[in-house]
Amino acid sequence: MSHFSVSFDQRAGAATAPVRVLALRGELDAHTAPDFEAALQACLDDGDHRLVADGSGLDYVSSAGLGVFMAFVEPARDGGGDLKIAALPDRVFEVFDLLGFPTVFDMHETVEAAVGAFGGER
């Protein structure tokens, strides 16, 4: 069975609106993707649309996990925010890069850079 966890952290953005950081740990696959989906939906339901996925703790991402990112980027943007991806390990970033995610997502080397990239957006 795959192991996966997601924890939440609220960070101050450059403007007054906070940024919600989701720290991802373990293997994001077909068995664990619903947990990530539920976490993202909870953020949107709470009115948090400025989201950063901290991938520094990810060991593996399957197509099911990638699909969750794709499913939530537009709702985040429609709410006036974005879903940014940060701190992916090289082996995980290669999968994202191969599938063209850097052309769709704002991707950053660090969580701090991703949070700062929101700037004055609201």
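Q: Hi! Where is D35 found?
A: D35 is found in helix α1, in a model that is predicted. Helices (H or I, at least four residues) and strands (E, at least two) are DSSP runs, numbered from the N terminus.

Q: How are residues numbered, and what are the pLDDT limits in this predicted model?
A: Residues are counted from 1 along each chain as its sequence is written, and side-chain values use heavy atoms, leaving out hydrogens and water. As this is a predicted model, local features need pLDDT of at least 70 and side-chain atom pairs count only at pLDDT 80 or more, while totals for chains, interfaces and linings use all residues.

Q: Thanks! Back to D35: what does it count as by relative accessibility?
A: D35 counts as partly exposed, at 42% relative accessibility. Buried means under 20% relative accessible area, exposed over 50%, and partly exposed in between (1.4 Å probe, protein chains only).

Q: And which residues is D35 in contact with, leaving aside neighbours within four places in sequence?
A: D35 is in contact with F4 and V6. Contact means heavy atoms within 4.5 Å.

Q: How far apart are D35 and A76?
A: D35 and A76 are 41 residues apart in sequence, and 18 Å apart in space, C-alpha to C-alpha.

Q: How many bridges join β2 to β3?
A: There are 8 bridges between β2 and strand β3 (residues 50-61), and these strands run parallel. Two strands pair if DSSP finds at least two bridges between them. Within this pairing, A23 stands opposite D54 in β3.

Q: What does the chain cross through from β2 to β3?
A: The chain goes through helix α1 (residues 33-45), and this β-α-β crossover is right-handed. With the strands pointing away from the viewer, that term means the path from the first strand over the helix to the second runs clockwise.

Q: Where is D48 found, then?
A: D48 is in the loop between α1 and β3. At 14% relative accessibility, D48 counts as buried.

Q: Which side chain does a polar contact join to that of D48?
A: The side chain of R20, at 2.6 Å. A polar contact is a pair of N or O atoms within 3.5 Å; within protein, one must be able to donate a hydrogen and the other to accept it, and residues adjacent in sequence count only if both atoms are side-chain atoms. Not counting residues up to four places away in sequence, D48 touches Q10, R20 and C43.

Q: Let's switch to rings. How many aromatic pairs are there?
A: The count comes to 6 aromatic pairs. Rings of Phe, Tyr and Trp (its six-membered ring) pair if their centres lie within 6.5 Å; planes under 30 degrees apart count as stacked, over 60 as edge-to-face and the rest as tilted.

Q: Why is the pair of F69 and F96 edge-to-face?
A: The planes of F69 and F96 are at 80°, with the ring centres 5.4 Å apart, so the pair is edge-to-face. F69 lies in helix α2 (residues 63-78) and F96 in helix α3, so the pair ties together parts that are 27 residues apart in sequence.

Q: Is F69 buried or exposed? And F96?
A: F69 counts as buried at 1% relative accessibility, and F96 counts as buried at 0%.

Q: Which residues do ring pairs link into a cluster?
A: The cluster is made of F4, F36, F69, F96, F101 and F105.
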